[in-house]
Amino acid sequence: MLQRFKLSKKTTLAAFVGLVAVVAIAVILFPRLTNSSGVYHPPPPDAPGPALVFPSFSQPANLPQRKSATVLTSAERTAFVNAVDTLQSTHPNNSQLSLYEQFVVQHILTMGFRQSLGAKGPARGNPAHSYPAFLPWHRQFLLDFEQALQAVDPSVTIPYWDWTDPDALDTILQDDFLGPVGMGTFVEVAGKGRFEGGEVKTSPFSRWQLSEALHFDAITLVSLGPHLLRFVKIPPFDQYPIPQSAIDALFRTDNYEVFNALIEGALVPAVADNKQDYQLGWALHAFAHSVIGGSQVDWDDWDQGIAHQLDILGTMDSVPSSPYDPIFWLHHANVDRLWAQWQDQGHSGPDFYPAANKPFGHNLTDPMWPWDDGLSTPGNYGPSTTDLRTLYAGPPVNKVVSAKDVLDFRQLGYTYTGLETGLEKDLETGLEETAKTAQRETTSSGGRS
Ligand SMILES: [Cu+2]
């Protein structure tokens, strides 16, 4: 039985783990947005800024749709699972990593952009996390993955996990979908009880043999072993579904950087009624990672808005390795869907993305590694003696991609069910409806007189 929460903070070990955790979290999750008090003040709503404009898109007919995981037919689930499983079982040219694992190693190497690790080129910070490019980087990442799936089965799109849907998690964790919760390892959470997690033991994903070099604890850099690990809904990450009010808070901002940081989970609103103030925190995307992965955190600092991550338990909880759990893709499709929805609500186009003054890779037209034609290279990052850079084959799409190139998701060739088809079209429909209503009223009032 693990006594994870009884680790005394007075021990040297705890101090060391805490320090490593703080550094890891600071590097991986927190953007440099806050002032010295840890509170971020976005510009007031009436500050001069880009005017909201009606986007000029209209949606082509038959644009492939990413659907909610809860509405997939049994055949659609099977097609998705088979395509994912095929990527994991396909090793091009007898290479050490599968097609699927190329995505995992790409994600891991975003953590390697530190000079101390041997990074080269202009890219600064983490190309995919903690900074403005979090959303566009993962948009391109999902697109590449979806295209790889479609090379196996053209009918497949990535489903999304709506975190506010109480049924979605149970649906996803079925044997005929992404497999069940983990089993066989018990976690004692102080004041909360004993909880089970561990290996995924049924479904096609229970047969996956994970590369230990790619599957590791981001704090200790110790391998998490060859099995997919889930610790689902273990306190403090047992609050599922995520309340709609948390999504509503996200949609109150008109500021891209605040939106990006809030959805990544690096900021949370300090006071629900005070829309201006945000604190360092852990919500939405980061929270949902831990709903599956089962993070253990230091409660003492939670109230201050700073969560010290003490223990990583499951695959989804270790940011670098998290794409190894196929839930990652459904989770990030939801992140991308919410950004798409926010864009549709008057925040589309380059006015809603920082043009300059961000670390290289995070400004509007900076190439984002690895879609940068070799401009930057990461250092080696990970637990093993294997240099992960030697295993990475490069991006599947051989082109230069900046945030600007992925702002318009419809132009990339997909949309989400439930998104409006385009404001212009809605406006037309609305005008037609108004005209029809007026006509009906005229007719009926005419009948009464
Ligand atoms: Cu990521």
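Along the sequence, the donor residues of the copper ion follow the spacing H-x21-H-x8-H, where donors are N, O and S atoms within 2.8 Å of the metal (3.2 Å for Na, K and Ca), and a site may look incomplete since water is not among the atoms. These donors are His 107, His 129 and His 138, each through NE2, lying 2.1 Å from the ion. His 107 belongs to helix α3 (residues 99–109) and His 138 to helix α4 (residues 134–152), 31 residues apart; helices (H or I, at least four residues) and strands (E, at least two) are DSSP runs numbered from the N terminus. His 107 has 1% relative accessibility and so counts as buried, as does His 138 at 4%, buried meaning under 20% relative accessible area with a 1.4 Å probe and protein chains only.

The model is predicted, with local features needing pLDDT of at least 70 and side-chain atom pairs counting only at pLDDT 80 or more, while totals for chains, interfaces and linings use all residues. Residues are numbered from 1 along each chain as its sequence is written, and side-chain values use heavy atoms, without hydrogens and water.

The largest nonpolar core has 108 residues, and Trp 161 and Trp 163 have the most contacts inside it; such a core is a set of buried Ala, Val, Leu, Ile, Met, Phe, Trp, Tyr and Cys residues joined through side-chain atoms within 4.5 Å. Helix α9 (residues 327–344) gives the most to this core, with 10 residues. A second, separate core of seven residues includes Val 187, Leu 224, Leu 229 and Leu 313.

Turning to rings and charges, Arg 66 lies over the face of Tyr 414, 3.7 Å from the ring centre, and Arg 194 lies over the face of Phe 186 at 4.2 Å, the rule being NZ of Lys or CZ of Arg within 6 Å of the ring centre and within 35 degrees of the ring normal.

How values were computed: Buried means under 20% relative accessible area, exposed over 50%, partly exposed in between (1.4 Å probe, protein chains only).
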